[in-house]
Amino acid sequence: MQNPVRGPALAWGLIAPSLLLTLFILAYPLSTLVFQSVHDISRFGLLRAFNGLDNFRTVFTDPVFAHVVWRTVQWTVCVVGGAVLCAVPIALILQQDFYGRGVARTIVMLPWAVSLTMTAIVWTWSFNGQYGMVNASLAMVGIIREPINWLADGQLAFWVEVGVGILVSIPFTVTIFLGGLSSVSQDIYEAAGIEGASRWQQFRRLTLPLLKPFIHMAIVLNVIYVFNSFPIIWIMTQGGPDNATHILVTWLYQLGFRLGRPGEAAAISLVMLALLLAFTVFYLRLQKRQSAKAAA
């Protein structure tokens with residue numbers, strides 16, 4: 001007879017090495033961030049003195065902080081929401097059986113294989129106010145008469161970056177939805193068609209409910225990814241003009257590496273971690289509660 005104690009002990013023993021490695025990988029940088037956030041550190045990394053919560057007070061009282069947090073929320077909500085809304089119809093189209101579907105899927109997925117830094121550089125060239133492809137194309141079809149300086153105005157530049165963020169987030173989101181759609185049996189659609197259900201009714205009553213777990217997965221993963229997305233905004237505008245396009249991660253970089261305030265940058269890192277943890281816990285609990293209500 002198998003020893004009942006040996007089973008759990010053996011399981012813990014087998015996973016202990018990877019668990020300890022994971023804890024080390026997570027604990028070391030986190031402990032370093034906490035240490036730096038409560039100390040006064042020079043721009044060259046020289047430890048000066050313990051200053052408690054002074055770095056957090058400096059960050060929270062900075063007038064830029066509130067604007068950066070709100071802009072980060074706008075950036076995350078708009079990019080994730082736009083990517084999900086665009087990815088659903090694209091995934092539905094790519095799921096259909098048509099000639100050239102493999103090529104179409106490859107074209108949609110190709111941007112995902114390109115470095116995000118290179119993508120941001122290309123879009124920066126495209127939106128250049130003097131020789132950019134966007135201005136040239138709009139002038140060619142008669143939409144504009146004079147070149148638009150897309151990245152010179154803070155508000156306009158931010159929404160341009162949101163659009164680029166949506167475009168680069170679509171391939172990953174489409175991949176998740178295609179995985180969900182491929183797991184759905186086509187028999188239910190044939191049965192629904194026999195019963196007289198229209199395409200819209202099939203989408204609303206069959207596709208969306210069956211796709212809902214994958215939508216939740218896409219939202220959580222995209223929020224974590226987009227919230228920490230650095231290259232697009234930094235390469236296109238570096239948070240400017242006049243801090244008008246900064247989000248938390250780019251402001252953190254500017255404080256830590258441009259302005260030489262690593263203690264405040266560490267404090268912002270911990271704030272970002274707390275915000276992401278709070279969102280993840282809240283969203284997962286909300287979905288669990290909704291699933292429980294649906295099951296009841």
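Helices here are DSSP runs of H or I with at least four residues, and strands are runs of E with at least two, numbered from the N terminus. The model is predicted. By that count, the protein chain holds 12 helices and two strands. Read from the N terminus, the order is α-β-β-α-α-α-α-α-α-α-α-α-α-α. The radius of gyration of the protein chain is 24 Å, well over the 19 Å that the globule rule gives for 296 residues, so the chain is more spread out than a compact globule.

The overall dimensions come next. Along its principal axes, the C-alpha trace spans about 85 × 75 × 35 Å. Of the 296 residues, 38% count as buried. The chain exposes about 18000 Å², and carbon and sulfur atoms supply 68% of that area. Among contacts with a separation of 6 or more, 66% join residues 24 or more positions apart.

Now turn to helix α5, residues 116-126. Its buried residues are Leu-116, Thr-119, Ala-120, Thr-124 and Ser-126. They cover an arc of only 160° around the axis, which puts them on the same side of α5.

What do the buried residues of α5 pack against? Their partners are four helices: α6 (133-140), α7 (154-182), α9 (199-227) and α10 (231-236). The N-terminal end of α5 is capped by Ser-115. A side-chain oxygen of Ser-115 lies 3.3 Å from the backbone nitrogen of Thr-117.

Notes: Residues are numbered from 1 along each chain as its sequence is written. This is a predicted model: local features need pLDDT of at least 70, side-chain atom pairs count only at pLDDT 80 or more; totals for chains, interfaces and linings use all residues. Side-chain values use heavy atoms; hydrogens and water are left out. Buried means under 20% relative accessible area, exposed over 50%, partly exposed in between (1.4 Å probe, protein chains only). The arc is that of the directions from the helix axis to the C-beta atoms. Contact means heavy atoms within 4.5 Å. A polar contact is a pair of N or O atoms within 3.5 Å; within protein, one must be able to donate a hydrogen and the other to accept it, and residues adjacent in sequence count only if both atoms are side-chain atoms. The radius of gyration is taken over C-alpha atoms; the globule rule is 2.2 Å times the number of residues to the power 0.38. Accessible areas come from the Shrake-Rupley method with a 1.4 Å probe; for residues, only the protein chains shown count as cover.
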